[in-house]
Amino acid sequence: MHFPEISPALVSIDFGFVGLGTFHLRWYALAYIAGIMLAWQYATALISRPAMFGGKAPATKDDLDDIMFWIILGIILGGRLGYVLFYMVPYQQDVIAANPMSVLKIWDGGMSFHGGLIGVTLAIIVIARRRKLSLLPLGDIAGVVAPIGIMFGRLANFINAELYGRKTDAAVGMVFPEGVVPGSTPPAYDWVAKQWVYNGYEFARHPSQLYEAALEGLLPLLLLSILIWKFGALKKHGLVAGLFLLMYGTGRSIVENFRLPDSFANDLPFGLTMGMILSTPMWIGGAWLVWNALKPKTLHSPD
């Protein structure tokens, strides 16, 4: 099966007549926008139902609007800084030395989910303290809405024919274009002609982007939504956030066995990948949050 040649840009508008070149409305940017907007709407729906949290919503609409602004900054800045720290500093020092400004080039690719997660966590902590809000319930809201953005992001990775998987003979294998348009830089497509390039030696590979969309996005979204709408999981503060961390860490680690590792970070010991290593703290933090949410609460009797 060949990769369906979907243009990475939904719309391209030529502004050359005014000297501005061509504007490309890319699927990846749309994925970020759609994920954030839908997550915002879902979070708004949750805080409008105080009973789901045990009688009091953890934030007002104004609080949520403020939080979302800082979360967006956390996603972008944390995602890029995480990529620089986790992938560029250890493995691409020559790239940084040749062009130090490359660390700022988000448009050339390079965003780390784990860095984005740290950025979002810090944003929530700062706003919770500033507005005197309960941290764990806010984390629970983030835990149930985050899979929306993850799912859209992985689907955009598929459309961009990036982050594809290892070679396979299985029926699910897909032949992705691996060539580079002469004079361009990866990803391997020509923005003008909208044509992907096949070199002729491509192999069928796992469509690991779709695996991640399902295991890191769709599945956690469905399971966590069932838990909060049918079983009142939001009343156990920290439970949903912890389960999200555990589910993402597990899903990511499973898919890492099918996803092609970065060429500059494929020699880690014991068959580990950077994605697996970075998911380990998520398991630890998630397990603690679940334990803390489910442990019996000590009742203090009056003196």
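**View A. R131 counts as partly exposed, at 34% relative accessibility, and its side chain meets that of D63 in a salt bridge.** The model is predicted: local features need pLDDT of at least 70, side-chain atom pairs count only at pLDDT 80 or more, and totals for chains, interfaces and linings use all residues. Residues are numbered from 1 along each chain as its sequence is written, and side-chain values use heavy atoms, with hydrogens and water left out. Buried means under 20% relative accessible area, exposed over 50%, and partly exposed in between (1.4 Å probe, protein chains only). D63, at 9% relative accessibility, counts as buried. A salt bridge requires a side-chain nitrogen of Lys or Arg within 4 Å of a carboxyl oxygen of Asp or Glu. For D63 and R131 the N to O distance is 2.5 Å. Because D63 lies in helix α2 and R131 in helix α4, the pair ties together parts that are 68 residues apart in sequence. Helices (H or I, at least four residues) and strands (E, at least two) are DSSP runs, numbered from the N terminus.

**View B. R154 forms salt bridges with E212 and with E216.** Side chains of opposite charge can pair when their charged atoms come close. The closest N and O atoms of R154 and E212 are 3.3 Å apart. This pair links distant parts of the chain, with R154 in helix α5 and E212 in helix α6, 58 residues apart. For R154 and E216 the closest N and O atoms are 3.2 Å apart. Here too distant parts of the chain are linked, since E216 lies in helix α6 and R154 in helix α5, 62 residues apart. R154 counts as buried at 10% relative accessibility. E212 is buried with a relative accessible area of 1%, and E216 counts as buried at 0%. R154, E212 and E216 belong to a network of salt bridges that also links R252, E256 and R259. The whole structure contains 9 salt bridges.

**View C. Helix α4 (residues 113-131) and helix α8 (residues 274-294) have axes that come within 10 Å.** Two packed helices are described by the angle between their axes and the distance between the axes. The axes of α4 and α8 cross at roughly 25°. Axes are lines fitted to C-alpha atoms, for helices over the stretch in contact, and angles run from 0 to 180 degrees between N-to-C directions. Angles under 35 degrees count as roughly parallel, over 145 as roughly antiparallel, 65 to 115 as roughly perpendicular and the rest as oblique. The helices α4 and α8 are therefore roughly parallel to each other. On the α4 side, F113, H114 and L117 meet G275, L278, S279 and M282 of α8. By class, this contact of α4 with α8 has 4 nonpolar, 3 polar and no charged residues. In that count Ala, Val, Leu, Ile, Met, Phe, Trp, Tyr, Cys and Pro are nonpolar, Asp, Glu, Lys and Arg are charged, and the others, Gly among them, are polar.

**View D. Y42, L46, V144 and I228 have the most contacts inside the largest nonpolar core, which has 43 residues.** At least two residues of this core come from each of α1 (27-47), α2 (61-91), α4, α5 (135-159), α6 (208-230), α7 (239-255) and α8. Helix α7 gives the largest share, 8 residues. A nonpolar core is a set of buried Ala, Val, Leu, Ile, Met, Phe, Trp, Tyr and Cys residues joined through side-chain atoms within 4.5 Å. Apart from its neighbours within four places in sequence, I228 is in contact (heavy atoms within 4.5 Å) with Y42, L46, M52, V144, A233, L234 and V240. Another core, of 7 residues, lies apart from the largest one and includes Y83, V84, Y87 and M274.

**View E. A161 has a phi near 55°, a positive value in a residue other than glycine.** Most residues other than glycine have a negative phi, and most peptide bonds are trans. A161 is found in the loop between α5 and β3 (174-175) and counts as buried at 7% relative accessibility. L163 is not a glycine either, and its phi is positive at about 55°. L163 is placed in the loop between α5 and β3 and counts as partly exposed at 31% relative accessibility.
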